Amino acid sequence: MSQAFSPAKQCERRLATVAVLWIAFLAWPLLAGNDYVLSLGVYFFINLLLIGGLNLLMGFGGQISLCQAGFFGLGAYVSGVLSVRAGWPPHAGVAAALILSTVSALAIGLPALRLRGNYLAMATLGFNAILTVLFTELVGLTGGPNGLSGIPPIILAGVDFGSPQRFYYLAWAAGGLCMALLAVFLSSRAGRALRAVAASEVAAASMGINAFNAKLLAFMFSAGAAGLAGALYAHFNQYASPETFNFSASVLIVVMVALGGWGQYWGPIFGAAVFTAVPELLHKFQDAELLVFGAGMIVVLLFLPQGIAGCVAPIATRIAAGMTLLARTRATRP
Amino acid sequence: MASLQIDDLCVDFGGLRAVNALGFTAAEGTIKGVIGPNGAGKTTLFNAISGFVRPSRGSVRLDGIDISTLASHERASRGLSRTFQNLQLIPDMSVLENVMLGSHASLRAAWGASLLGLARREELAAEALALEKLELLGLADRSAVPASDLGFADAKLLEIARALAGCPRVLLLDEPLAGVPLEEQNRVVEIVRAINRTGVTIVLVEHNMRVVMQVCDEIVVMHHGAWLAEGSPADVAQSPEVIAAYLGTAHGAAPGTAPGTTQGTAAGAAYPQTDAAGHGTRGNHA
Amino acid sequence: MLEVRSLRAGYGRAQVLHDLHFSIAAGEFCALIGANGAGKSTTLKGLAGLLRPIGGTVQFDGEPIERLPAARILRAGLALVPEGRRVFGPLSVRDNLQMGAFTRLFPRKDPGTARQFEFVLETFPRLRERLDQPAGTLSGGEQQMLAIARALMSSPRLLMLDEPSMGLAPLVVQQVFEVLANLARNGLTLLVSEQNATAALAFADHGHVLEAGRIVQSGTARSLRDDPKVREAYLGI
Amino acid sequence: MNAGRIARASLLAVSALLFAPFALAQGAIRIGSILSVTGPAAFLGEDMKAGMELAIEEINAKGGVRGRKIDWFFYDAESQTQKGLTATRRLIDQDKVDAIVGGGNMSGMAIAMLGLTERAGLPFMSTEGAMDIVTPVTERQWTFKSTADDEQVMERLADYFAKKGIKRVAFLGDSSGFGQSAAGQLKKVAAARGLDVLYESFNPSDTDMMPQLGKIKDSGVQAIICWTVTPAGVVFLKQAQQLGLDSRLTLIHSYGFVDQRYMQLAGDAAKNLLLISVKFPVGADLPDTDPQKARIMTLTRAFEAKFKRKPNQFVAQTYDAIYLTRNAIERAGGTDRAKVRDALAETRNWAGVGGVFNFAADRHSGLSKDDLVLVNFRDGSFHLADYK
Amino acid sequence: MGQLPNLLLAGLSTGSVYALVALGFNVIFKSTGAINFAQGEWVMMGGMVAAAGHAAQWPLGLAVLLAVVTVMVTGILSERVILRQLARPGPLVVTLVMIAIAICTKSLVMLVLGKNPASLPGFSGSTPIDWGGLRIHPQTLWIIGITCLVMVGAHAFFERSILGRAMRAVAAQPEAAALCGIDPRMAMALAFALAAATGALAGAIITPLTLTSFDYGTVLGFKGFSAAMLGGMGSLPGALVGGILLGSLESLAGGLISSHFKDAVAFLALLLTLFLRPAGVLGKGEVERV
């Protein structure tokens with residue numbers, strides 16, 4: 001433990017691990033066997049964007065937002081409506097979704113991030129509620145409660161990403177990009193500043209850190225990631241409906257951040273895996289599904305306060321150390 | 001190198017005036033001690049200087065420039081660093097990163113650039129600087145552990161290292177010795193001197209009088225938020241007002257009658273003592 | 001009355017107290033002096049049951065109390081006036097005093113409480129004038145009086161006070177200590193932690209000097225007051 | 001490095017679970033169903049599921065379709081469109097069903113699902129209400145539905161209004177797909193039939209309709225049509241009674257509200273209520289000449305024997321849907337998807353329990369206004385109020 | 001404009017229920033600093049249990065009592081059996097655990113009491129009272145009356161009773177309260193019991209008007225939380241003012257602007273209030289916070 005520690009090296013290690021992981025993820029379409037299982041992979045990456053973005057804001061920045069599903073929906077509807085109603089090419093819609101969700105986070109964040117703790121939670125929750133009403137009631141644009149159907153698939157450079165096989169690679173790239181950006185950001189000056197703000201705004205200010213800017217940046221990043229996730233979601237399902245993006249969904253994303261590992265770099269991977277896989281696994285419990293889910297959540301919160309990542313990461317480190325040792329002994333053997 | 005000049009500073013909390021028309025100057029490259037009895041307003045003074053509380057009057061000048069309207073983070077970027085009496089470390093961050101935080105203000109990479117990882121060279125430089133400061137304070141071998149793993153004394157040193165990483169021109173130290181075991185106190189004193197030798201102006205609040213008398217070039221004595229005395233350690237120690245105020249009414253003062261509060265008890269109402277078994281009460285008024 | 005043996009305590013990984021030994025006889029007015037961070041508050045919190053000691057024993061009238069929760073220790077007759085007074089700001093002075101007698105009022109009313117109430121109001125006449133005022137609006141000195149009065153409401157046999165002089169004007173400090181001395185004269189056992197060594201040693205019978213979590217010196221108040229080492233360490237002269 | 005390895009391992013474990021081998025009946029016909037039996041729409045889902053269960057049991061007990069039993073794949077959409085979509089993918093890609101019956105008992109969900117089924121070229125028999133599910137047919141080649149079209153329902157209502165001399169009505173629909181679709185149809189029908197309609201709406205989760213009812217009260221209409229399947233419809237009745245509207249105006253609820261439980265919840269607030277409904281709930285009151293009467297009574301007895309409670313028209317809706325699909329497969333001579341689709345479109349004059357079904361290549365909704373009646377609720381059960 | 005009195009009355013009655021829910025949020029917020037997301041589920045459960053009791057031929061009063069007691073026990077058990085296991089019960093973790101408890105509560109109610117919506121008869125029938133053209137459902141009066149009673153009762157409890165004042169003492173100075181022999185865990189259990197009981201009562205009195213079903217809790221909780229924030233988290237009169245303000249805003253927005261956008265209008269007003277007065281309408285900032 002006493003070896004020299006370096007954030008730059010930590011960043012490189014994380015990037016390398018992400019690279020290896022993402023190369024491994026390339027095998028999913030081969031393993032998946034059918035489009036349904038493959039589509040779970042797509043949802044995994046979309047959830048990763050949602051949870052990873054929120055983990056930056058909540059886990060590392062200590063700011064509670066109950067609007068992640070709102071930004072998710074904003075992304076989905078902006079891109080969906082632009083391509084369905086205005087005939088924009090889908091990739092332009094995706095870009096617009098990314099920009100608009102980030103900008104609306106700026107607009108909400110400017111007043112809201114001056115509030116602390118529960119007040120920020122309330123303000124974001126209110127914004128989510130307003131967005132839900134808009135998604136539901138602007139029937140002419142969004143299709144209302146029936147949802148927006150007929151969203152075209154993404155076509156980039158002549159490649160049609162309509163099928164899950166192709167779309168998987170888009171989601172894969174977006175998820176990987178998000179994790180890489182997070183790795184770089186967390187080991188940077190701005191990332192440190194954000195973590196400092198979460199622990200003590202007083203300490204941060206005494207280091208010359210503008211706490212407000214740090215929080216605003218994290219809020220915009222989390223909203224941007226959610227907006228991108230939403231746009232991808234809309235073009236993948238070619239459909240969006242309002243109840244996917246309501247307050248309960250926001251609460252669930254918060255829960256997934258905690259289950260994966262609050263403020264843990266690898267947390268979102270676990271959170272997204274749980275979020276994607278658990279409904280499939282609990283399916284056989286039928287009516288008791290929710291109960292099993294709630295009980296499981298209590299167990300994780302009580303006994304794994306660091307989330308799944310906090311429990312798995314030390315084991316993984318130990319295994320890594322063991323493997324390195326093994327590799328070395330093998331190498332030194334004649 | 002810089003000087004810190006305080007003029008006519010007042011801080012009010014509700015009806016209470018915690019700092020009252022205080023003024024003093026810490027000259028370039030000196031160590032200025034601020035002493036005073038508990039509750040004299042020393043920490044409030046520090047908070048006002050570093051921008052955590054808003055003074056109701058008066059000014060704080062750094063090198064003659066009035067900084068009293070700046071936010072605390074802006075003051076820090078101008079070279080005004082401080083430590084805290086009750087630590088303000090980032091517990092789950094490594095020791096090294098805590099120190100790197102200190103150099104936040106002196107790094108120039110924009111938010112976007114650091115998000116995209118374009119500031120690598122600067123990062124590595126900051127890392128090297130942080131390690132250097134940790135070595136100075138003898139914490140280099142613990143750079144990888146989370147700050148929460150450090151003992152109290154080491155944590156105090158870490159705070160100083162972090163303040164130093166910002167390459168401050170003026171350093172405010174709030175009780176750097178409080179809670180530091182005797183055997184380590186000398187080390188801290190040496191470090192404070194070493195920092196001062198590099199040209200950093202230091203303002204020091206400390207209860208350990210031996211240390212204050214040893215290291216400070218000049219001492220200002222606060223009492224009830226106000227200026228009471230100022231001068232060399234020797235002068236201050238001799239000043240009868242200081243002895244009277246700082247040490248409580250001097251030990252000569254007999255516990256005499258006090259107006260108001262205690263008159264009713266002068267005769268001494270007997271304490272209604274419960275007996276050992278805890279049942280009932282015994283006796284009441286005298 | 002109180003026997004502390006090898007008391008060790010701390011917060012999380014940081015151990016603050018290292019094998020603390022001392023004892024207090026019944027009726028004694030004892031001062032625990034030391035600089036900021038020496039471990040005075042930790043000691044008192046450990047004794048009052050706010051902090052579970054890592055090791056060592058505390059005997060109160062021969063009974064071990066180091067594992068008891070705060071309420072049980074209070075019932076046994078040991079009360080603490082916390083550092084910084086900690087009055088219940090939104091509650092009235094009267095309510096603050098009643099809360100002090102919580103263990104006797106709840107679950108059943110104790111007739112002695114009314115007498116105790118009269119007694120503390122007699123001891124602190126100022127409080128009687130302010131009975132229905134929210135405690136948060138009192139001055140610092142009055143709050144300190146209230147904090148002491150509140151602790152007295154439980155009819156303790158040993159009263160501990162953590163830095164009663166903190167943030168008070170010297171005149172008020174003097175008044176506080178006079179009240180304490182009076183209580184001591186009337187048979188209450190007292191343990192006062194103080195940074196303000198002069199004030200504490202002026203009134204106490206005995207003193208223990210705490211430094212970095214250890215008792216480094218003990219003796220009568222007079223002997224400590226005149227001890228040049230104590231004078232140097234705490235008075236810097 | 002290794003945190004990733006574990007993540008990967010857990011993903012693989014998940015996929016292994018998903019691949020758990022299914023005991024496949026050799027040559028069985030695979031029918032998939034998605035309904036919401038939890039969440040806000042669960043109220044209908046339970047009955048709809050029961051109707052399917054009963055139909056499939058009956059079919060299998062009689063030896064299946066041309067000797068092939070039905071293998072039923074059921075998923076709970078939990079009233080969430082996302083869950084419904086995932087389940088649809090699962091039915092299409094993993095369970096490889098031959099047809100899907102049931103679209104989550106939410107019109108919006110059925111519409112979302114049909115994007116996937118159309119692309120996969122899979123026959124989809126929706127049991128949900130909205131007309132948009134099957135129109136335009138050019139974009140709904142593979143989708144059919146076993147419920148009445150709102151167009152037909154509104155025509156039937158307009159007939160009734162004409163009979164009673166009602167000219168001015170208020171339409172108070174919920175903002176879900178169910179209510180919106182009905183409002184859209186009513187606009188067309190009203191224009192053609194010279195009805196004067198005041199449109200108001202509410203959210204399905206609303207617990208207060210005073211603002212809307214206040215406006216309606218002041219507008220001088222003769223009847224109020226409320227369109228919802230949610231308990232908000234009970235609130236409507238209670239508040240209408242509170243304002244004294246129930247005794248002055250004709251109050252009408254939709255076929256989605258024909259449910260004993262709602263009537264009991266409404267209590268005497270429902271005493272003057274009319275509901276437009278398929279004939280199923282009033283089977284006993286039908287004249288013996290009605291082609292459906294016998295079938296309705298048979299199903300009612302079978303259902304009561306199995307589930308120990310009375311069936312409602314939601315049971316009928318899905319029961320018919322399964323039979324429609326079964327018949328099409330039988331006539332198609334197998335599970336060839338295109339043939340099944342064509343066979344469905346050729347369904348003519350088939351008397352189910354919910355009505356007489358007539359599909360066509362350009363009409364994927366089988367019921368007509370003749371299948372609809374007006375009913376009321378008296379003495380604990382539904383009674384026929386207006387037949388043809 | 002003739003409907004304005006009706007709108008205000010409707011707002012007052014929904015607002016009263018929001019106020020009761022907000023009261024529950026406040027009590028738990030004061031003792032834990034956490035947002036109790038199970039509050040809405042407790043309201044739902046109160047309605048469901050009362051309805052089940054009534055369906056089982058219990059007299060109405062007894063059915064309501066049954067609901068209050070059952071939910072109170074649920075609240076206490078949630079605290080004793082689950083929350084107490086937390087090694088470090090910080091506000092955030094408690095909030096998350098309460099979300100999990102909310103999910104479990106909702107699911108259990110569904111499994112035990114079924115998925116059907118349920119109702120109760122009006123406490124004194126449902127024949128509208130005519131008041132100069134204003135037709136009032138008698139239950140509306142019950143709701144407003146009971147809310148007033150509960151608010152006055154809560155005020156009396158926190159101002160007069162030993163236990164209530166002890167709870168305030170714990171909230172103001174937990175350590176000093178422990179030194180007075182007040183067990184903070186007792187205060188916590190009491191807070192959960194109180195919050196659950198008021199929640200259950202709110203559920204029972206609103207059910208005759210709005211029905212209830214196992215999935216009604218989330219929306220009620222959401223509205224109650226908003227009302228608590230609007231009035232000022234932790235302030236007792238704030239809960240009342242916040243609840244009635246939110247209820248009236250909704251009702252007026254629904255009647256005068258558009259029933260589609262009434263939630264949006266209400267929340268927009270709420271956001272503006274937050275930005276202009278972050279501590280809520282009656283909040284005193286940090287003064288009386290834990």
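# Backbone, interfaces and cores in a predicted multi-chain model

D:Lys96 sits in the loop that links helix 3 to strand 3 (99–103) of chain D. The model is predicted. In it, D:Lys96 has a positive phi of about 45°, although it is not a glycine.

**Backbone of chain D**

- Most residues other than glycine have a negative phi, and most peptide bonds are trans.
- D:Asn105 is a non-glycine residue with a positive phi, near 40°.
- The loop between strand 3 and helix 4 of chain D holds D:Asn105.
- D:Asn105 counts as buried because its relative accessible area is 9%, and the cut-off is under 20%.
- The peptide bond from D:Thr135 to D:Pro136 is cis, with omega near -10°.
- D:Pro136 belongs to the loop between strand 4 (124–126) and strand 5 (143–145) of chain D.

**Chain D with chain A**

- In this contact, chain D takes part with 45 residues and chain A with 50 residues.
- The two chains bury about 3,900 Å² between them, and 63% of that area is on carbon and sulfur atoms.
- The interface of chain D and chain A does have 12 residue pairs in polar contact, both residues at pLDDT 80 or more.
- Elements of chain D that give two or more residues to the side touching chain A include helix 1 (2–18), helix 2 (42–61), strand 2 (70–76) and helix 6 (177–193).
- Helix 1 of chain D gives the most to that side, with 13 residues.
- The side of chain D that touches chain A has 16 nonpolar, 17 polar and 12 charged residues.

**Chain E with chain D**

- Here 29 residues come from chain E and 30 residues from chain D.
- Chain E and chain D bury about 2,500 Å² between them, with 54% of it on carbon and sulfur atoms.
- E:Lys115, E:Pro117 and E:Arg135 supply 21% of the area that chain E buries against chain D, more than any other three residues.
- One salt bridge is counted between chain E and chain D.
- E:Lys115 forms a salt bridge with D:Glu46 through their side chains, at 2.3 Å from N to O.
- Five residue pairs are in polar contact between chain E and chain D, both residues at pLDDT 80 or more.
- Helix 1 (4–32), strand 2 (134–136), helix 8 (184–210) and helix 10 (236–257) of chain E each give at least two residues to the side that touches chain D.
- By class, that side of chain E has 13 nonpolar, 12 polar and four charged residues.

**Nonpolar cores**

- The largest nonpolar core has 279 residues, and those with the most contacts inside it are C:Phe29, C:Leu97, C:Leu159 and C:Leu180.
- Helix 3 (residues 35–60) of chain A gives the most to this core, with 18 residues.
- Beyond its neighbours within four places in sequence, C:Leu97 is in contact with residues including C:Phe117, C:Leu121, C:Leu146 and C:Met153.
- Another core, of 110 residues, lies apart from the largest one; D:Phe171, D:Cys226, D:Leu286 and D:Phe303 are among its residues.

- Chain B has 10 helices and 10 strands.
- Of the 286 residues of chain B, 56% count as buried.
- Chain A and chain C do not touch, and their nearest C-alpha atoms are 17 Å apart.
- Chain B and chain D do not touch either, with nearest C-alpha atoms 19 Å apart.

Note on methods. Residues are numbered from 1 along each chain as its sequence is written. Chains are lettered from A and ligands numbered from 1 in the order in which they are written. This is a predicted model: local features need pLDDT of at least 70, side-chain atom pairs count only at pLDDT 80 or more; totals for chains, interfaces and linings use all residues. Side-chain values use heavy atoms; hydrogens and water are left out. Contact means heavy atoms within 4.5 Å. Buried area is the accessible area (1.4 Å probe) that two parts lose on being put together, summed over both. A polar contact is a pair of N or O atoms within 3.5 Å; within protein, one must be able to donate a hydrogen and the other to accept it, and residues adjacent in sequence count only if both atoms are side-chain atoms. Helices (H or I, at least four residues) and strands (E, at least two) are DSSP runs, numbered from the N terminus. Ala, Val, Leu, Ile, Met, Phe, Trp, Tyr, Cys and Pro count as nonpolar, Asp, Glu, Lys and Arg as charged, and the others, Gly among them, as polar. A nonpolar core is a set of buried Ala, Val, Leu, Ile, Met, Phe, Trp, Tyr and Cys residues joined through side-chain atoms within 4.5 Å. Buried means under 20% relative accessible area, exposed over 50%, partly exposed in between (1.4 Å probe, protein chains only). A salt bridge is a side-chain nitrogen of Lys or Arg within 4 Å of a carboxyl oxygen of Asp or Glu.
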